[in-house]
Amino acid sequence: MLLVVLIVVAVLAVVAELVARQVVPATVRSTVVEQLQLPAEHPVDVEVDGMLVPQLIAGTLADVRIASDDVTVGEFSGDVTAQLQGVPIRADRAAAGGTAEVRMSTEQLRSLLSTIDGFPAESIELAAPNVTASTEIQLLGATIPLGLVLAPGAADGDLVLSPVEGTVAEATVTADQLRGQFGGLLEPLLQDRSVCIASSLPAALTLQSIEVVDDELVTGFDIDGGIIHDPALQANGTC
């Protein structure tokens, strides 16, 4: 009789785990789609580590990973992966925190930078570890091509592109040399250019790092665990 009971318990445990494996990811996916205002059919992959039934009993998911390609929120778009630890089953307290990564293609970066007035966003290319751009300047009635090399970085939550060197008439010189040779003529092009992306993302996400990896711009974020229960952190940030 005891053996039969143990078998029944084991079967019920397996069934409960299988059901949890269907319900929990679907619930997380629905929350993400609603929070980011994505189309209902947009693919979002959700993985939860470990056995789910014990975590559900404890009321906390130890580790949740979310991934989705071609996510667009406001002017910001890319392939997103996020990981949260200590996620409560009920939205009555904060998670332990987490991180997110957004990978942007050249076209997606061009679209984002097109919001900067007077910046040649359509010419942007990715050339690790930098970003390049090209334009033309008028000097003594002549049209001269100008190439720029810009170092990507993050400052105060903004994406920043800082000129480090340029190419004029096939000669490569530093940004400081360009400023010295052409003075105010190139000043608008040789300023740091920043793009605030906070207004496109939940306030819980803070931009921490930017780098060019192969043919993608990779941005890293910290996630405040309060996003689980705090409406202020769930709402988009401000610029």
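Two strands pair if DSSP finds at least two bridges between them. Helices (H or I, at least four residues) and strands (E, at least two) are DSSP runs, numbered from the N terminus. The views below come from a predicted model, where local features need pLDDT of at least 70, side-chain atom pairs count only at pLDDT 80 or more, and totals for chains, interfaces and linings use all residues. Residues are numbered from 1 along each chain as its sequence is written, and side-chain values use heavy atoms, with hydrogens and water left out.

**View 1. Strand 11 meets strand 12 (residues 216–223).** Eight bridges join these two in the antiparallel sense. Look for Leu205, whose bridge partner in strand 12 is Ile223.

**View 2. Leu113 sits in the largest nonpolar core.** Such a core is a set of buried Ala, Val, Leu, Ile, Met, Phe, Trp, Tyr and Cys residues joined through side-chain atoms within 4.5 Å. Of its 58 residues, Leu109 and Leu113 touch the most other members. Strand 2 (residues 60–73) gives the largest share, five residues. Neighbours within four places in sequence aside, Leu113 is in contact (heavy atoms within 4.5 Å) with Phe119, Ala121, Ile124, Leu159, Leu161 and Val195.

**View 3. Here is the structure's one aromatic pair.** Rings of Phe, Tyr and Trp (its six-membered ring) pair if their centres lie within 6.5 Å; planes under 30 degrees apart count as stacked, over 60 as edge-to-face and the rest as tilted. Phe76 and Phe221 are edge-to-face, 6.2 Å centre to centre with 75° between the planes. Phe76 belongs to strand 3 and Phe221 to strand 12, 145 residues apart. Phe76 is buried at 3% relative accessibility, and Phe221 is buried with a relative accessible area of 3%. Buried means under 20% relative accessible area, exposed over 50%, partly exposed in between (1.4 Å probe, protein chains only).
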